[in-house]
Amino acid sequence: MRKAFIMCSLALLVVAVPRIINYQGKLLDSSGVGVNDTIPITFRLYTSESGGTPLWEGRIDSVVVRQGLFSVELGGFPDTVDFSRQYWLELEIAGERFSPRERLVSAPYSLRSGMVDRAVQGVRRREGTISHTGTLILSARDGVSIEEEDDSIFVFFGISGAPTAPDFKLDINQASVSVYRGS
């Protein structure tokens, strides 16, 4: 039976495909010596530190372990695993499941990417080929007012003293939000 001490370094590529985790570990035998072998390892992803049903399972049949060190790439996660919540990784080697499960944590610069969830990613013009990615700046002008409430921004268009609503349609292609004439 092997005894393992697992250390890991995780890098998560979330924003653009591929959605892959680089997992590095150290496997020691019962004497504390690094294993030199090629072995199968099963990886399971959970939403809890113990118990529950795995959200994902992957097996790599030929993991090369040299002086106890190995590195693998884990992928093929279902769409329900979107890495927007906490996950724990479990390893199984030679029928033995190692515990405790390892909590997946962020790499320092990936913390910055969390801001992307709240950002406007792009602006496109339907009839043309113009596409921009950057910062959307909203400023109130004559006939336009802007209000904030919680995590929403409301833009109101109108012409002071005009008898009818302006004739326009504004589409924001982020979660398919549309604002129509008179709204």
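**Aromatic pairs.** I began with the aromatic rings in this predicted model, and I found five aromatic pairs in the structure. Next I checked phenylalanine 83 with tyrosine 87. Here the centres are 5.5 Å apart and the planes are at 75 degrees; planes over 60 degrees apart count as edge-to-face, so this pair is edge-to-face too.

**Buried or exposed?** Phenylalanine 77 and phenylalanine 83 are both buried. For phenylalanine 83 the relative accessible area is 16%, and buried means under 20%. Tyrosine 87 has 2% relative accessibility and is also buried.

**The cluster.** Which residues do the ring pairs link into a cluster? I wrote down Trp56, Phe77, Phe83 and Tyr87.

**A charge over a ring.** I then turned to tyrosine 46. Arginine 101 lies over the face of this ring, 3.3 Å from its centre.

**The nonpolar core.** I moved on to the largest nonpolar core, which has 23 residues. Phe43, Leu45, Phe70 and Leu74 have the most contacts inside it. Which strand gives the most to this core? My answer is β3, with four residues. Among the other elements that give two or more are β2 (21-26) and β6 (88-93).

**Leucine 45.** Last, I listed contacts of leucine 45, setting aside neighbours within four places in sequence. Among them are Pro54, Leu55, Val81 and Leu104, and also Trp56, Phe77, Phe83 and Tyr87.

Definitions and conventions: Residues are numbered from 1 along each chain as its sequence is written. This is a predicted model: local features need pLDDT of at least 70, side-chain atom pairs count only at pLDDT 80 or more; totals for chains, interfaces and linings use all residues. Side-chain values use heavy atoms; hydrogens and water are left out. Rings of Phe, Tyr and Trp (its six-membered ring) pair if their centres lie within 6.5 Å; planes under 30 degrees apart count as stacked, over 60 as edge-to-face and the rest as tilted. Buried means under 20% relative accessible area, exposed over 50%, partly exposed in between (1.4 Å probe, protein chains only). A charge sits over a ring if NZ of Lys or CZ of Arg is within 6 Å of the ring centre and within 35 degrees of the ring normal. A nonpolar core is a set of buried Ala, Val, Leu, Ile, Met, Phe, Trp, Tyr and Cys residues joined through side-chain atoms within 4.5 Å. Contact means heavy atoms within 4.5 Å.
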